[in-house]
Amino acid sequence: MAVAVGRPSNEELRNLSLSGHVGFDSLPDQLVNKSTSQGFCFNILCVGETGIGKSTLMDTLFNTKFESDPATHNEPGVRLKARSYELQESNVRLKLTIVDTVGFGDQINKDDSYKPIVEYIDAQFEAYLQEELKIKRSLFNYHDTRIHACLYFIAPTGHSLKSLDLVTMKKLDSKVNIIPIIAKADTIAKNELHKFKSKIMSELVSNGVQIYQFPTDEETVAEINATMSVHLPFAVVGSTEEVKIGNKMAKARQYPWGVVQVENENHCDFVKLREMLIRVNMEDLREQTHSRHYELYRRCKLEEMGFKDTDPDSKPFSLQETYEAKRNEFLGELQKKEEEMRQMFVMRVKEKEAELKEAEKELHEKFDLLKRTHQEEKKKVEDKKKELEEEVNNFQKKKAAAQLLQSQAQQSGAQQTKKDKDKKK
Amino acid sequence: MRTQWSPSAAPVTPLSPLHPDDRHPCALGPMDPLRRSPSPCTSRPPSPRTPPCEMLGHVGIEAVLEQLKIKAMKMGFEFNIMVVGQSGLGKSTMVNTLFKSKMWKSTLPGLGVPMPQTLQLQSVTHIIEENSVKLKLTVTDTPGFGDQINNDKCWDPILGYINGQYERYLQEEILITRQRHIPDTRVHCCVYFVPPTGHCLRPLDIEFLQRLCRTVNVVPVIARADSLTIEEREAFRRRIQHDLRAHCIEVYPQKCFDEDISDRILNSKIRDRIPFAVVGADQEHLVNGRCVLGRKTKWGIIEVENMAHCEFPLLRDLLIRSHLQDLKDITHNVHYENYRVFRLNQSHALPRGPGWVNLAPAPADLTATPGPWKVRWQAHDSSDEEC
């Protein structure tokens, strides 16, 4: 039975006009409903020195107190601490994971500070890749641990970026969405802040660091993203304590010379950061992580393993050829190993056999020796026995002879007395 | 606004649609919560490490839903539907009625259109837009199905086509440099037209359904239901349901994919009415001053959108208004995964290594069906019977 599939080419994709209400405009709602019941994952990595205010900022951002004790400055190296939380707001459930760099910038030699961070990020990508490559996989309820956003905390020196910052950001920019922020911004005066910001941005540009660009291709968010991008890096102040301002309580830091309000846009850029990070671009951050950073990692990893697709026409074919080649190679290796093992086995067996044979021979010899000894002994015993018997015989003979003599003597004695008696008569 | 933290990821209560203004008039008949689409994923309980957090004040996390929507609308949606049935059952008309447009010319019998001698699959793709939601719709028709004298293995080309689409997607997915958005040509739903004999399923129907319900979501409908009275329809429906159960044919919505209680209740109501008795029409007539789609006969006008006349609104609501996303999800998460597992196993994947696989050349005969569902979701309530 012949099968012909008539499929028009893509140019014939025409727009059709509907003559009534069909109802698929509920599609976005269906999609959103589904995502809502699945819940969302969001993972933030906070990179910054100890004591720069990472935990406080996280608390302030998400309006809650995440349990954590402050880190010491004595860490021997940088390590990453990940904590997961489940937050819910109206009907949206968020699995938030906050990854902290403990001990960053504390060491005397900071050459390798960036390494644990890069390793962690790669490990998350690897985990996802592994899951994706499994035969029986379950991607739809996989807990995504890939880092979606990296908040890089810049110390508020007021001068420029530290070389550690530049090096770390350069290493991270192709792996994660970097959002630089100036921490503890209440220690910088307003005019200094402006200079500081422009210095930082120009240094980033001149060093080729790719920070996260807020998307401007969507009309609804383009405007707000464009206006906010001007204020990068955001100078933030974090605080979980509330101070009474006017007639309501607000998050603020109280100083003898005044009160720094966290949510006041004149005082710091915290509101901007919250807008950008959570309210406007959270989904874009997740998508960029998946479609750009993860794909890059995947491509590099697979190419490293020796797979490649050549030109677009023969894509499936060459991939299969590569597969076959790899497979044969692997099988060949397996076979070689098998041969080696077999030979070793045979050799060992032979050795063992020889040993055993020797032992057997020894045993035989021993046995023979023993047998001979035994026989000799036996002969000796026999000889002795014979001797003994002879002696006994001799003794018996002597005894018999003696007895005979004695009886003769007695008889002659008796005869003599009889003769004497006869004589006397 | 104080937000609450729910201590565990308990089964989700039915969610109301996000927009307070509901623009879509649903056929709120015997199945009103049709709007809610069941989801395939269970939420996991928090691991012991995740302490509960109480949030004070508004953070703005729920804005992510809006962002999601914007992104989805920008990217557009895709939907692929296949209609299978003998010629003359009104498949093309049904498609036109469903999407309220002339997908293709519905063929009237006896108009000199030659009956195809072999089974051919014809696909037509259109982009339709409604309220700034773009949908790329592909309809695959199967003229010639079941029309020959000897219909043995007439399902093979169809299975081959469906598996071919899975193969295409798989090839795209295993590329090293892959596209940002892989074009989805997989068949999301197959509507099977049962001729209105009034008796029970024919052997051809049973054979076909058995094979296909393992590979794709199948929705059987009673075609040309205007030739049956209401009582006959009910009796026919019960007999068909009995036949389906007897042969262990799981049609959409499948029982084993029900997530939780609310899903089960919703889907049970749908399952009770499957197969829908539908009538298709693409001509409008005047009835009581209103312009309605219908078929004009000497004894009256059969209104397509009238629940009292036929069950077309139920079909439309199921396919488009409430379960479209679910159809796509089940195709992607279950049927496609099954096919993938089958193919990868076929290639005797390398035992060790980083997990990358060698794909054997695609089999020339793509009609092998992977067998019963190997991928199952964990339903909260594991009290469903399996075939």
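In what order do the six strands of the open sheet in chain A lie? The model is a predicted one, and in it the order is S4-S5-S3-S6-S7-S8, with mixed pairing. Strand S4 (79-89) and strand S8 (234-235) of chain A form the edges, each pairing on one side only.

Within this sheet, strand S6 (residues 149-154) and strand S7 (residues 178-182) of chain A are joined in the parallel sense by five bridges. Across this pairing, A:Tyr152 stands opposite A:Pro180 of S7(A).

| Helix | Residues | Strands touched | Angle between directions |
|---|---|---|---|
| H4 (chain A) | 163-172 | S3 (40-47), S6 and S7 of chain A | about 170 degrees with S6(A) |
| H5 (chain A) | 190-206 | S6, S7 and S8 of chain A | about 150 degrees with S7(A) |

Chain B supplies a hairpin. Strand S7 (residues 284-287) of chain B runs antiparallel to strand S8 (residues 290-297) of chain B, and four bridges join them. Two residues lie between S7(B) and S8(B). One residue in the turn, B:Asn288, has a positive phi of about 50 degrees. B:Val287 stands opposite B:Arg290 in S8(B).

Which residues of S7(B) make up its covered face, and which its uncovered one? B:His285 and B:Val287 form the covered face, while B:Glu284 and B:Leu286 form the uncovered one.

Definitions and conventions: Residues numbered from 1 in each chain as written. Chains lettered and ligands numbered in written order. Predicted model: local features only at pLDDT ≥ 70, side-chain atom pairs only at ≥ 80, totals over all residues. Heavy atoms only, no water. Pairing = 2+ DSSP bridges. Contact = heavy atoms within 4.5 Å. Axes fitted to C-alpha atoms, helices over the stretch in contact; angles between N-to-C directions. Buried < 20%, exposed > 50% of the residue type's maximum accessible area, 1.4 Å probe, protein only.
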